[in-house]
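Subject: Handover of the model

Dear colleague,

I am passing on to you the structure below, together with some notes on what turned up when it was examined. Please read the notes with the coordinates open beside you.

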Amino acid sequence: MKPARKMTLAAVALASLSACGNGSEDETGSGPLGVLAQTAQQAVAARRASGQPTAPEKSPDERAAEALRVNPGPLILAGFESLGKTQIMAMTGQNGGTRTYMTPAEEALILRGGMLVGTRGLGNDLSVAEPETEALIRSGASGNGQRVMRYFSGDGLERPLQFNCTVGAGGKPGVIVESCRGHGADFQNSYLVQGGQIVVSRQWIGPALGYVTVQTLRP
Amino acid sequence: MRRSLLVRRLMATVLPAAMLAGSVSSVAVADPMLGRNMSTYGLPGGIDTPTAETLPDGTLGATVSWSDYGRRGNVTFQALPGLTTVLRYSRIDGINDFRREGYISDRSLDLRYQIVDEQGWRPAVAVGLRDFLGTGVYSGEYIVATRNITPTVRASAGLGWGTLAGRNRTIDVNDEGGTPNLDQLFTGGAKPFGSISWQVNDRLSLVAEYSNDNYVATYSNGREFQQGEAPDSNVNLAAYYRPGRNYELGLYTIGGKTFGAQFSVLLNPRDAPYPSGLEKAPAPVRPRPSPAADPEGWSGQWSQDPTAQPAIQKALGDALAKEGQILQSMALSANRAEVRIRNQRYINQAEAVGRTARLMTRALPASVETLVITSTSDGVPTSSVTLRRSDVERLENTEAGRIAAASAVTDADPFPGDLVRSEGVYPRFRWSLKPYLDLGIFSAEDGLTYEVGGEARASYEILPGLVATGALRQRAFGNIDQRGPAIGLPGTRGQYYTPEEYLADPALETTPEGVPRVRSDTRMYTGNSDPVIPELTLAWYAKPARNIYTRVTGGLLERAYGGVSAEVLWKPADSPLAFGAEVNRVRKRDFDQLVDFRDYEVTMGHVSAYYELTQGFTAQLDLGKYLAGDKGATLTLTREFANGWQIGAFVTKTDLSAEEFGEGSFDKGITLSIPLSWATGQPSRERTTTTLRSLSRDGGAQLNVNGRLYDRVRDSHSVKLYEGWGRFWR
């Protein structure tokens, strides 16, 4: 028997140990052993799936066209650079000028007139951003301002990081660039503003997730 | 993409190098004097000699070090920013005791306190006690200063006593150990020691030190042992390599002829792989339409319609169920709504409350302005968070502190008149069938012990607070066999009765010192190849008055005892202080762990005071009578992080003398509890919990009944609720 096959079998045996019951998923977890078993199960499933042919990936343009056809509400196209994925997100709620957009897997971006103010469901989320520079960016003016970004840290507390930012015109016409520095990190957000609304942007989420590019498909 | 997510998540915990690349905490503040390597004694810095360095606050670490001098397994906890504690299990080669095996097993405890951190020209200074409980092989004390010479070179110099001065103390062969040797601290003459460390690059550091330890152990009966080979030089050298921030490999030489290797793991509760968790995004708050757009909703007329509440309660209950919350009951009027929820998913109650508030804005008619979210535990209401709906609408997507300031936490009304119970919640039957794994890691005598098998468990909640629970276990395999207690007569150390010998003579169920064996025969309950019943109980939880909680549990309470246990707790929702009392009438169960009992019966219990200190510390003092009928007190100090990590230590001293108690002199131990959600990012209330206690002894033994009130009630009370409040908008 080949070692790889042996490993798969062992994993299946372990997986068969995992729990059963009539409780919800929240109740029937079986501790570290259960987590291991679940992992093994997924590894087996992944191995099986990798052997099967998959449909060719659709390009972002094709997916955008399809989403616009299916979904009548506001839509954005978000590219998470560090995760290497581009997703179409649909608006699921609006509170004042702040909109929440979600993927089908319920990961969320929260935007206020195109300005990123939070993320959810990504593991290293931005809890909330408080950009003092927002008015400068929307009006296309130059100037300085502070930007407070709040993150949920590993010890279970919401912690603020403060950055000093400079806003000015970028190299390309119509593009506003916001350069921020603080805590040994620096980043640059770029915005394309039309009538006070940010229609296309590349914005920094945080140290772990890096940049997201946001493009409005339907405002 | 979803498929292999858990795999990658698990990998992220196993390979922390990747997980830490650019975590929030690495966007740095000024660094204190943090150790660059772990010593053979499991402390930050040096090889054998100490330094004044520390670990990041809250770090939990383990270091295993091997050489011809023996093997040291160290568990390290940075209990406070300046206080490092080490619990050590070592095998010391070259010493013969009664077993004549050429080595001894030894436990020891170290404390080090950094008095000042480095500042300007002034070095960091620390004082430390090594192996200070009883006179041990490693006993010694020191004062040490450490300073950065260049950005990469760091020097330490200090004065050492005991083994650190090469003047090891004489070990009393009759001492049971476990009590501080205060009269010997800093005695016997001091000698200087020192070390230099060079951080070659991010991963590699080199250390050279001057040490006086000559690795000799002297006993009061005149015997003297050289551990390994006497060091032929005072100079020790080492190289340490950190492949990831959480792992370290080390190679060292003591005196040039003896070589050693070590491996360390360091975990920091602050470095979670997915700090914000991977739970799905919460439902956005839905603001109300203007009164002009929804005159009917704003008028409150809808509340006259008898079909309104059932429909709203059903819709809200379904939405909450998707969030892992059970809507137990609800009261609804034109401008106020109260929901009583049972949180089954989130480790921070604030997240459950926040998500419930979001869903309430989506489900309730516009005229409802006051939102009351009452947390429950075992069907009993524990606290109410009152929010104004307009604040929830206004403060979504702002920092969590603002909604905290606009909220009120109060005691839940035990008997409100207008609550309507949700349909289909009670009675509630739950069963599960799953594998179990019992692991024993830190037994010096037995090494690694384990048992694997299957467990069937069922619970039936007849009414809110009235729960019948049963479990059945079947062992599959393992090396935890049935065994009698240690014989405990002179000259028989390390020998045990066989199960047959122990069963044949009932007189053996009392120790030679006259103490009933309430825990020291615990191994008689293991190794059953037939099914056993670990637990079979009927429990009743109630809240008879505003701040008062009660529990009565009857049946087979735990593996070794059955009977009745009753508890009462006074705990106002916004008070850091609580008092409790517990009385148990229990009988010792038979070793087959079915429904038979043995002859020993006792009435025991305690009164308790609890206090929530700052920085996540809680203190608990129990005074009372223990299982063996001994009277005394237990003091427990626990440090808890908002993410759910709990690290605690306890000591119990009773009126048993050190001789009656036996090795260790009194009961003490460490408890660790790590939430699984911290490691996987998946929301869950599950945790892995371990108690490291010195030995199973009969003095100061507690009853292990499930469902003690304090921790269950406290989750939703103000100190803990606000500590985890950052998750309100998660």
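How many bridges join β7(A) to strand β8 (residues 143-152) of chain A, and do these strands run parallel or antiparallel? There are 5 bridges between β7(A) and β8(A), and the two strands run antiparallel; within this pairing, Val128(A) has Arg150(A) of β8(A) as its bridge partner. Please bear in mind throughout that this is a predicted model.

The pair belongs to an open sheet of 12 strands in chain A, which follow the order β6-β5-β4-β3-β2-β13-β12-β11-β10-β9-β8-β7 with antiparallel pairing. Its edges are formed by β6 (115-120) and β7 (126-131) of chain A, each of which pairs on one side only, and neighbouring strands of the sheet are turned by 25° against each other on average, if direction is ignored.

On one hand, 5 bridges join β4(A) to strand β3 (residues 85-95) of chain A in an antiparallel arrangement, and Thr100(A) in β4(A) is the bridge partner of Gly93(A). The hairpin of β3(A) and β4(A) has 2 residues between the strands, and Gly96(A) takes a positive phi near 65° there. On the other hand, β4(A) is joined by 5 bridges to strand β5 (residues 108-112) of chain A, again antiparallel, with Ala108(A) of β5(A) as the bridge partner of Met102(A); the hairpin of β4(A) and β5(A) has 5 residues between the strands, and in this hairpin Glu106(A) takes a positive phi near 60°.

Turning to chain B, the division is into domain 1 (5-267), domain 2 (295-426) and domain 3 (428-463 + 465-720), and the C-alpha centres of domain 1 and domain 3 of chain B lie 33 Å apart.

Helix α4 (residues 308-322) of chain B has 15 residues, which at 1.5 Å a residue should span 21 Å, and the 22 Å between its end C-alpha atoms agrees with this. Its buried residues are Gln313(B), Leu316(B), Gly317(B) and Leu320(B); seen down the axis of α4(B), they fall within an arc of 105° and therefore line one face of the helix. Their cover includes β16 (325-332), β17 (336-343), α5 (349-363) and β21 (420-421) of chain B, whereas Ala311(B), Asp318(B) and Lys322(B), on the other side of α4(B), are exposed. After α4(B) comes Gly324(B), with a positive phi near 75°.

Terms used
Residues are numbered from 1 along each chain as its sequence is written. Chains are lettered from A and ligands numbered from 1 in the order in which they are written. This is a predicted model: local features need pLDDT of at least 70, side-chain atom pairs count only at pLDDT 80 or more; totals for chains, interfaces and linings use all residues. Helices (H or I, at least four residues) and strands (E, at least two) are DSSP runs, numbered from the N terminus. The expected span of a helix is 1.5 Å times one less than its number of residues. A residue is buried if 20 or more other C-beta atoms lie within 10 Å of its own, exposed if 12 or fewer, and partly exposed in between; C-beta atoms are placed from the backbone. The arc is that of the directions from the helix axis to the C-beta atoms. Two residues are in contact if their C-beta atoms, placed from the backbone, lie within 7 Å. Two strands pair if DSSP finds at least two bridges between them. Domain bounds come from an automatic or database domain assignment. Axes are lines fitted to C-alpha atoms, for helices over the stretch in contact, and angles run from 0 to 180 degrees between N-to-C directions.
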